[in-house]
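Biologist: Please show me the model, and then let us go through it by question and answer.

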Amino acid sequence: MTKKIVKGALFVCLLYVLYAVATSVVLFYFPLDKKGEAPPNVISGFMGKGDSSDRVLLLENGYESGRARMQMIQEATDTIDIAYYSIAKGKSTELILGALIDAADRGVRVRVLLDGISHGLRFKMSDARFALASHENIELRYYESFKIFKPWTWNNRLHDKIMMVDGRLGIIGGRNIADKYLAKKPPKNYVHDRDVIIFHAPQNGESVIVQMNKYMNELWNHPYTSDPFSTLSKRQSTKGKEEKDKLTRQYKTAIQENEHFVSPSMNWMAITTPTKRVSFLHNPIERFKKQPVVWQTLIDISTEAKKSVLIQSPYVVPTKEMKGYVPENMNSTANWTLLTNSVKSTPNVMAFSGYLDLRDDIIKTGVRLYEYADKHSLHAKSVVFDQRLSAVGSFNLDSRSTVLSTDSMVIIDSEEFAVQLTEAIHDKIDKSTLVADKKKKIDTPKDEKKEKSYRAILLNALSKVSILWRGLA
């Protein structure tokens, strides 16, 4: 009898595994047939004629990016809207959460939207979700929570990193809330990332923050989004109060002691750069494969670039499906430069192995290819077109950002900002290896040259079979 039960249980488990693989993996390897025609004069659609009411600030330093978030929260008088992939435990996280609770205590309405699987509010961070959810002025929601019997939802992830305050300040980029992005003293897993502040100076006229807020509302009210708790139990409420009090004490102590992180004094008007126009792009909110709005738009702008296209992306995995959106007769006259991670710096083994397998194809395009070779890793996602249009956001050059995740970017029309962003990317290029140029290999990164580089051996071995997962990496 016992053997029959065990066999029956194993059979049910096998059926579930086959069902999960078929609906969370195999189903996503069918091609997407949603390609649209590129409208004429795409570039002109992102260019302005005069000064816009939006000003921008490039945030290249992670610690200063955290302080900028802190000041945004401290200045809030009405609303704070947050949409992030994840939050991780750390001092910077605890101080930001303390500031959010303090803002809510003074009457600010706070909405926190996190990815339903990767949100990070588990284990050591479990009590933080109770602290947020128990506050009368804070709402916590998850986008696409884990559903064991709907494996096709597992690939539908919220990958945006956006915060908006009072309709006058917005921040978008690649940073989540964690010490690995925001700490003053970089931990071992620190990443070099990038954000941009949008400051709606006069608070009249059209602002891109309106579009960002509209997107936030769509995510917030979407059927895929849900509350993590219907009601809090007595135990959860107690834990939430204890954690809320702890975070508040930490924050107020830091304020009293005038800690640098919680005492920013940024003059937004003085430190921001004027723009002619700022536009907002995002992928549609869909399950299964999405129409690749961000990818196709970036490609369409690239086809019209005349002088240069400068790209930085932590992951570059141009799958066959992505290539289908690149015009066969592109004939770009621009000089293309691409910066990504190396064997030494990459934190994502699966994605980088896919890149290694496709690197020769990338080289054949004629792009000037660099791989970062210094401390920590790259996580910023940016493009500069013709030293005028700049794209900054959460979008990686891989299949996951193209057709699976929610992702967003801002397109900034400002020659001054383009110069700043170009300099920031070239600062990383100066610490990189030139791997290829004009369809020829120039050099091999030092870490790949080492005979006993086990990491290089592993990544190269995985690259041979990366076709099995690179569409989902």
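Biologist: In which helix is Val-17 found, and is Val-17 buried, partly exposed or exposed?

Modeller: This is a predicted model, in which local features need pLDDT of at least 70, side-chain atom pairs count only at pLDDT 80 or more, and totals for chains, interfaces and linings use all residues. Residues are numbered from 1 along each chain as its sequence is written, and side-chain values use heavy atoms, with hydrogens and water left out. Val-17 is found in helix α1 (residues 2–24), where helices (H or I, at least four residues) and strands (E, at least two) are DSSP runs numbered from the N terminus. Buried means under 20% relative accessible area, exposed over 50% and partly exposed in between (1.4 Å probe, protein chains only), so Val-17, at 44%, counts as partly exposed.

Biologist: Which residue forms a salt bridge with Arg-141?

Modeller: Arg-141 lies in strand β4 (residues 138–143) and is buried because its relative accessible area is 15%. Its side chain reaches the backbone oxygen of Trp-220 at 2.6 Å. A salt bridge is a side-chain nitrogen of Lys or Arg within 4 Å of a carboxyl oxygen of Asp or Glu; with an N to O distance of 2.9 Å, the partner of Arg-141 is Asp-227.

Biologist: How many residues apart are Arg-141 and Asp-227?

Modeller: Asp-227 is partly exposed, at 46% relative accessible area. The salt bridge between Arg-141 and Asp-227 links distant parts of the chain, with Asp-227 in the loop between β9 (225–226) and α7; the separation is 86 residues.

Biologist: Which helices do the buried residues of α7 pack against?

Modeller: Among the buried residues of α7 are Gln-236, Gly-240, Glu-243, Lys-244 and Leu-247. An α-helix has 3.6 residues a turn, so residues three or four places apart point the same way. By contact (heavy atoms within 4.5 Å), the buried residues of α7 pack against α2 (62–75), α3 (91–105) and α4 (126–133).

Biologist: Which residue does Lys-323 pair with in a salt bridge?

Modeller: The closest N and O atoms of the pair are 3.4 Å apart, and the partner is Asp-361. Lys-323 lies in helix α10 (residues 320–323) and Asp-361 in helix α11 (residues 349–364), so the pair ties together parts 38 residues apart in sequence.

Biologist: Which residue meets Asp-357 in a salt bridge?

Modeller: Asp-357 is partly exposed, at 33% relative accessibility. The N to O distance is 2.4 Å, and the partner is Arg-470. The pair ties together parts 113 residues apart in sequence, because Asp-357 lies in helix α11 and the segment after α15 (454–463) holds Arg-470.

How values were computed. Polar contact = N/O pair within 3.5 Å; in protein donor to acceptor, adjacent residues only side chain to side chain.
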